Amino acid sequence: MTELIWDGKYKDGKKQGPVRIALPFQTIETVNESAQDRRRNLELFASGRDTEWRNRLIWGDKKYVLPSLLPEFAGKVNLVYIDPPFDTGQDFSYTANIPDDDGADGDEEAAFLKQPSILEQKAYRDTWGVPTDEKAKGVSSLDKYLRWFSETCYLLRELLAEDGCIYVHLDWRMSHYAKLVLDEIFGPEKFLDNVVWEYQTRHSSDRFWNRKHDDLLLYRNSEQWTFNWKDEEVMQKLSPVTIAKYRLKDEKGSYRLNGRFLKGSPIKGAKDVDPSWEKKHPELVVRDYLRPGIPPNDYFFIPIENQSSNDRTDYPTQKPTALLRKLIKASSNESDLILDCFAGSGTTAAVAEQLNRR
């Protein structure tokens, strides 16, 4: 077996696993809930009895958050989507509007709106500096990144349900390294697809092939997994040219008359054969009825959120709502549990909630 090795993967001959410090969570705020309902639910929660499910947004370092989820959610997450840093070497920041309301609570007459303050927020640091003492031992930023990435994926595998899947969203910088790490953690036989998301940006180069796609590495956890290819937003639509070829009609709808690929057949698997073949030799032909679409290819074009998009948040590495809708609809069902431990602009959480996932 081929193995990707990085400095820090082994210590004293033993493979190093992720940190497993479980911390309690504190509910800070629940939106659209009365104080009475909140108190009742918290009392139920404290007593150990079941309460109504609440979608959760957790603020913290995933190194501590993921182990803290294991007691409740190990083996229960149906779909994981992560969009981790790509090792770009950059610090990402974004501009946020912070409203300032000096009015008294509940007193509309006393309340007045001020112009929001504009604050530059740190989104995340995608740099992997190595301390001098580790550099002296030959440790590189790539070693540090792979150690960090593998620790995350080990915990995500434990959280994944038996019939669950995981998408890991990366680009040309890290996808080839990540695949070897994921092969080791999940097993190379669990690799399903390298899905390619194509997009267009203003930046271009005349020195090499322009990089206009990201990779989504898809792994399953077992022999059973969800793939809803017949969903309208998942399937590959037929082109107008293809649809126009379905010229024949019967009570079932529009169809094409094609050969059956039978051995010795004079028409073999020809498409759009003359209807006279069906009258004389019905055993050689088949009616191919028009369908809404076909099972999708592992590549597709979805535009990025442009300046005029209502979904645009100005988060520096925001992914399109349409992309997450396609992935979540394809690889989960309503009421399934979705996890994204790199919340970013919040697209995964927002789309999952819209699609009645948990």
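Phe191 is partly exposed, because its relative accessible area of 24% falls between the 20% and 50% limits. I note that the model is predicted.

Next I checked Tyr219. Tyr219 is buried, at 0% relative accessible area. I then looked at the two rings together. Phe191 and Tyr219 form an aromatic pair, 5.2 Å centre to centre. Their planes stand at 55 degrees, and I logged the pair as tilted. Phe191 belongs to strand E7 (residues 191-198) and Tyr219 to strand E8 (residues 213-220), so the contact ties together parts 28 residues apart in sequence.

I looked up the total for the structure. I found eight aromatic pairs. Another of them joins Trp53 and Phe73. Trp53 sits in the loop between helix H1 (35-47) and helix H2 (62-73), while Phe73 is in helix H2. The two residues are 20 apart, and the pair links distant parts of the chain.

Trp53 is partly exposed, at 31% relative accessibility. Phe73 is buried, with a relative accessible area of 9%.

I then searched for charges over rings. Arg358 lies over the face of Trp53, 5.0 Å from the ring centre. I also found the charged end of Arg256 over the ring of Tyr246, 5.5 Å from its centre.

My last entry is on clustering. Tyr145, Trp148, Phe149 and Phe342 form one aromatic cluster.

Definitions and conventions: Residues numbered from 1 in each chain as written. Predicted model: local features only at pLDDT ≥ 70, side-chain atom pairs only at ≥ 80, totals over all residues. Heavy atoms only, no water. Phe/Tyr/Trp six-rings, centres within 6.5 Å; stacked < 30°, edge-to-face > 60°. Helix = DSSP H or I, 4+ residues; strand = E, 2+ residues; numbered from the N terminus. Buried < 20%, exposed > 50% of the residue type's maximum accessible area, 1.4 Å probe, protein only. Lys NZ or Arg CZ within 6 Å of the ring centre and 35° of its normal.
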